[in-house]
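Dear colleague,

I am handing over the model that we discussed, and I would be grateful if you could look through it with the notes below beside you.

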Protein chains: 2
Amino acid sequence: MVETVPARRGRRSRQGQSETTGAQLSAANRFTDVRNTFGGQRALSEDRVAAIHETALRVLEELGLRVLNAEARRRLTAAGAAVDESTHMVRFDRGLVANALATAPSLITLKGGSATRTVTLGGDHIVFVPVGGPPHATDIKRGRRAGSLRDAKDFFRLTQSFGVLHMIAPNVEPQDVALNLRHLEQTKAQLTLSDKVPFVYARGSGQVADALEMVRLARGLTSEEMAAQPYCYTVINTNSPRQLDEPMCQGIMDFAAAGQVSFITPFTLAGAMAPISMAGALVLQHAEALAGVTLAQVTRPGAPVVYGSFTSNVDMKSGAPAFGTPEYLKATIAAGQLARHVGLPLRASAPTASNIADAQGAMETQLSLWACLLGGVNLVQHSAGWLEGGLSASFEKFILDVELLQIVAEGCLPLDASDPELAFEAIAETPVGGHFFSANHTLERFRNAFHEPMVADWRNFETWSSDGARTATERASDKWREIVKEFRAPASALTSGEAIAEFVARRKQEGGALPAGA
Amino acid sequence: MVETVPARRGRRSRQGQSETTGAQLSAANRFTDVRNTFGGQRALSEDRVAAIHETALRVLEELGLRVLNAEARRRLTAAGAAVDESTHMVRFDRGLVANALATAPSLITLKGGSATRTVTLGGDHIVFVPVGGPPHATDIKRGRRAGSLRDAKDFFRLTQSFGVLHMIAPNVEPQDVALNLRHLEQTKAQLTLSDKVPFVYARGSGQVADALEMVRLARGLTSEEMAAQPYCYTVINTNSPRQLDEPMCQGIMDFAAAGQVSFITPFTLAGAMAPISMAGALVLQHAEALAGVTLAQVTRPGAPVVYGSFTSNVDMKSGAPAFGTPEYLKATIAAGQLARHVGLPLRASAPTASNIADAQGAMETQLSLWACLLGGVNLVQHSAGWLEGGLSASFEKFILDVELLQIVAEGCLPLDASDPELAFEAIAETPVGGHFFSANHTLERFRNAFHEPMVADWRNFETWSSDGARTATERASDKWREIVKEFRAPASALTSGEAIAEFVARRKQEGGALPAGA
């Protein structure tokens, strides 16, 4: 066995480095439309897919969900659901659910601020979205801290800089902005730093109305145009088991009414908020997702909704959530089958429970990502920068994860095996035991033959050691700082800047809007 | 979006930790037979598989290989190959190759030292083998150094301790043992520390004969029994492009004659020793592998041979080999199609070019591993502990990689979705918004519900921080030391210890055997 690699030269000249930077700039426009070639795997036989669907329908028909929002109960009653107003329990018969599934679209197109930012959810499309929701930001120089607007903006800059990230996410909570103004600043930052599809929190109708108006201004739309086509999205987590709270119901109704996209994602951690068996957790997830989809369709038939899967397991010793587990792998592949069974686009995630951007974090995130790829997931949330089960957004992890997403996106492109690529002549002309460096076949192709990594260091041990022996995480630290420093907002995001600034100034004077329940 | 995880308790009590150790002891007997449920993906259309095969046959027929071993040329001539003795070029007509493929087995069974150590190569079997070949050993306390016999033995102890590692590999070169005695010590260590199928280097007939005799003694076989069934394996790398050197030819012939297994693996790095196009590199790989298979079958029809795929790419700026790339992903999936096309078991690897066990190492190794899984690879070499493109064997990386292999092996087990697992009653009895911790359904299953990790730390940030904020790599350092310290050789490996010791003592007195060419 001689499968070791003799003397390697140092990788890059000074000139090589500046070429790399050029490649990174163009990274903003690469992989903007990824088709998943690995999807459609099966973790369940077809009869077990049907059994989970049937059992979920029984849960909806016989047990029901508690729906805390009165208007939601009213709409569901009007559509034929059985509502007990003393307990707020709503039972959904299978005809009502079937009607909802009949009107929910299986393919959703969201328009961004420029042509290449249009995003399609469904079919073999796979869309990557970075981390959303953490209260903390972290990087290896400044450490872990409460998220700030500055952190949020830096994450938006990074998101805009990579074509493989297809929509914006609320990467970190800007805790230095008052609650009544936070949605204004968060939406403004998204719309002025990026031309990608923005995220809006469903934290009450007042905030949602502000954010939707800002999206309308940014895209230069009439209200009718805005209502006719999705331009932004939100995420709705049910309160598993079997409960939809006030703001979530309101969010589903607000987004459905506005024709904007809801990802309805039960928070079904097996062994805690869901049955300990993965099949049981999937039953509960399926029931809750269908309940949310039904509320959206009752509000506005045809409203764009996405089936969200977040089913993973917990550590039974401590109750701590676990990600990147074999259970998550199987549950996500099975969720793909369930989503296809009901004809809805599927959202899942690429999370990790690791506290830092180390080998555990890399391992769990990639395992989760493959779960999504194999399951035919259409939208992978939290696919860059997530740590600590979602409590921190990490700048270094963001870069490391984008590296993986780019590799996977490149891996989805076809292997060209047309006749000229078979290289018979190059093999014939290259001496036995020689090398192909100077073959014409090589010279014609060498510039773009292979995917170039952003962080991976392929230099030999001696060169790498004498250059500081830095880890991938340390190199990622340089990378994100460089990108943020060189960042320029896209022209399309700047045109509406004034209108948005005026709107925000006015709404601030008016006191903004508090989140529901605050 | 509330996809963050509130207050988590510290994971393990003191008692919990000793339970974990118990689980690790049984790790030696888990996952001993893994069936790959992810294989059979396609990177090529069927007509392009046929085109690569046809072009490889043209390479063999029209261009040929240089075969440096005279006896190999003699045997190939006798079988009908066209040999030019002035250049040592051998051209293989397609009838000769077809005959070889007709006699090569598609399923190979290797017997170990006890019943659970039998290994099957082919079909949906997937077999994991740790790192082989590096000159250096490394760990985070002692650093990188020339490999020693002590290091080699510690790796064998680790290999024996994990059921998911199915055969032994020559993890690190014991450079402190003289060249003429090294094979004796290396084989003795494998056979006395482990009951798994051992590796033998093809470094000349003298060394091979010694090692095979030691395997025969260890298994208590007659020479006839040994010749009738594989008990060990070797790896043959061709000198790409288009050359088979002396010891490799000799190794193929020695192993075929002895009825033992050769993995015939061209070293086809696209852009260097192979065409820059992945399809062209696969043509060369296919041609060279078929040439090696033909030599084995000419030597002994029915000899057990495995198709080896090592096709990856290089960094075109430096010539440095790259692993865990999108090119490797596609080439390995395509190699799966080619191996199935010719009906041979397939070997590939899970390598990385990273210099340390960091996030890059974790990322590249897992990407490579998924390439193997999706390609339906039957044997994954270098699947634990490989660093630096094969120049170092790392103890921490070994543990981190085994963690991943266990997760993947668990992920290949079926998702139980039988009626009791659908948990309708548990959902019915659990209060809305409550939790499932105390449901009967949970209590009946909680002990073995989920895969337990070895290194992953799922504790919350505060608990993890106050416990030293250690990386996964640092935790892996403790783990391998603990396993080596507590190691006990299996009883089956001890019974033949005396016979092996006697043989080694005698052969040392006789001067051992130098590697061919030394």
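This is a predicted model: local features need pLDDT of at least 70, side-chain atom pairs count only at pLDDT 80 or more; totals for chains, interfaces and linings use all residues.

Residues are numbered from 1 along each chain as its sequence is written, chains are lettered from A and ligands numbered from 1 in the order in which they are written, and side-chain values use heavy atoms, with hydrogens and water left out.

The contact between the chains

In chain B, 150 residues are in contact with 151 residues of chain A, where contact means heavy atoms within 4.5 Å. The size of an interface is often given as the accessible area lost when the parts come together. Here the buried area is about 12,000 Å², and carbon and sulfur atoms give 67% of that area; buried area is the accessible area (1.4 Å probe) that two parts lose on being put together, summed over both.

Six salt bridges are counted between chain B and chain A, a salt bridge being a side-chain nitrogen of Lys or Arg within 4 Å of a carboxyl oxygen of Asp or Glu. A salt bridge also joins the side chains of A:D419 and B:R48, at 2.9 Å from N to O. On the side of chain B that touches chain A, helix α12 (residues 359-375) of chain B gives the most, with nine residues. Helices (H or I, at least four residues) and strands (E, at least two) are DSSP runs, numbered from the N terminus. By class, that side of chain B has 79 nonpolar, 40 polar and 31 charged residues, where Ala, Val, Leu, Ile, Met, Phe, Trp, Tyr, Cys and Pro count as nonpolar, Asp, Glu, Lys and Arg as charged, and the others, Gly among them, as polar.

Two helix pairs

In chain A, the axes of helix α2 (residues 46-63) and helix α11 (residues 326-342) come within 10 Å and cross at roughly 75 degrees. Axes are lines fitted to C-alpha atoms, for helices over the stretch in contact, and angles run from 0 to 180 degrees between N-to-C directions. The angle therefore makes α2(A) roughly perpendicular to α11(A), a term that covers 65 to 115 degrees. In this pair, A:E46, A:V49, A:A50, A:I52 and A:H53 of α2(A) meet A:Q337, A:L338, A:H341 and A:V342 of α11(A), and these residues divide into five nonpolar, three polar and one charged.

In chain B, helix α5 (residues 149-160) and helix α18 (residues 472-486) pack at about 90 degrees, with their axes 9 Å apart, so α5(B) is roughly perpendicular to α18(B). B:D154, B:R157 and B:L158 of α5(B) meet B:W480, B:I483 and B:V484 of α18(B).

Single residues

B:H136 lies in strand β8 (residues 136-139) of chain B. The side chains of B:H136 and B:R144 are joined by a polar contact of 3.3 Å, and a polar atom of the B:H136 side chain lies 3.0 Å from the backbone oxygen of B:L391.

Most residues other than glycine have a negative phi, and most peptide bonds are trans. A cis peptide bond joins A:S240 and A:P241, with omega about 0 degrees, and the bond from B:S240 to B:P241 is cis, with omega near -5 degrees. A:H88 has a positive phi, near 65 degrees.

With best wishes

Key. Angles under 35 degrees count as roughly parallel, over 145 as roughly antiparallel, 65 to 115 as roughly perpendicular and the rest as oblique. A polar contact is a pair of N or O atoms within 3.5 Å; within protein, one must be able to donate a hydrogen and the other to accept it, and residues adjacent in sequence count only if both atoms are side-chain atoms.
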